[in-house]
Structures are given as structure tokens and as C-alpha cells.
Amino acid sequence: MAQRSNDGPAESVALTGVDQQAVVGTCVFLGLGVNDDAESNVHLHIHNGTDNTGNFIASSDPSNGGHDELWFGPGGVKCDGGIFVDVITGTPSGSIFFR
């Protein structure tokens, strides 16, 4: 896999609504946008790595029916092991931003 650029525009990956390996390999986590439908009570954690035992990076807990945004750019958080999304509750939609 080619090395990702340390500058330039962010890339995005859609949240699937369940635990997911959002990004594989070394990257920079820049942020997220998460939606919660009125019923799901979404709460999720972002980890550096391939599962929920990697270093904790961030969490999101939008209000029911709400939206939550986190932005760590332009420097972001380096994730040597990729980005893993651990869905604690609910069914989130939205995107992870990285480069």
C-alpha cells in the first residue's frame, strides 16, 4: 500500500452502523461526523488499531435525533494501526475523515 500524504484534502469513509475497520494501515485521523436517528441512542469510540483494544482516540455521543462533529485537523492524530470504530450503542451513520 502506498504511503498516504501528510497534507492535502481529507478522505472519508462511511460509517456502516456496526463495528468496523474504517481505515487499514498508517493514517492520520482528522475527525468525524455522526448522525443519530431519533431512536438509536448512538455512542461510539474511535481506536488506533484493528479492534477496540487499540489506543483510544475519541468518542461521539450525539443527542437522539442529533448530529455530532469532531475535528482534529489539520494536524490530526497519527494512527499507525489504522482506525477502528467501536459502536457501543445504536446504529450510527456518517463519516470518518482521515488522510
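Me: How many disulfides does a search of the whole structure find?
Reply: This is a predicted model, in which local features need pLDDT of at least 70 and side-chain atom pairs count only at pLDDT 80 or more, while totals for chains, interfaces and linings use all residues. Residues are numbered from 1 along each chain as its sequence is written, and side-chain values use heavy atoms, with hydrogens and water left out. A disulfide is taken as a pair of cysteine sulfur atoms within 2.5 Å. By that criterion, the number of disulfides found in the whole structure is 0.

Me: Is cysteine 79 buried or exposed?
Reply: Buried means under 20% relative accessible area, exposed over 50%, and partly exposed in between, with a 1.4 Å probe and protein chains only. Cysteine 27 has a relative accessibility of 2% and counts as buried. For cysteine 79 the relative accessibility is 1%, and the residue counts as buried.

Me: What pattern does the protein follow along the sequence?
Reply: Helices (H or I, at least four residues) and strands (E, at least two) are DSSP runs, numbered from the N terminus. The secondary structure comes to 0 helices and 9 strands. Read along the sequence, the pattern is therefore β-β-β-β-β-β-β-β-β.

Me: Which residue in E5 stands opposite histidine 47?
Reply: Two strands pair if DSSP finds at least two bridges between them. Strand E4 (residues 43–48) and strand E5 (residues 55–60) run antiparallel and are joined by 5 bridges. Their hairpin has 6 residues between the strands, and there glycine 49 takes a positive phi near 135 degrees. Opposite histidine 47 stands phenylalanine 56.

Me: Which residue does a cis peptide bond join to glycine 73?
Reply: Most peptide bonds are trans. At glycine 73, however, the bond is cis, with omega about 5 degrees.

Me: Is glutamine 20 buried or exposed?
Reply: Glutamine 20 is found in strand E2. Contact means heavy atoms within 4.5 Å; not counting residues up to four places away in sequence, glutamine 20 touches Ala14, Leu15, Ile83, Phe84 and Val85. At 9% relative accessibility, glutamine 20 counts as buried.

Me: What percentage of the residues of the protein count as buried?
Reply: The C-alpha atoms fill a box of roughly 40 × 25 × 20 Å along the principal axes. Among contacts with a separation of 6 or more, residues 24 or more positions apart account for 77%. Of the 99 residues, the share that counts as buried is 41%.
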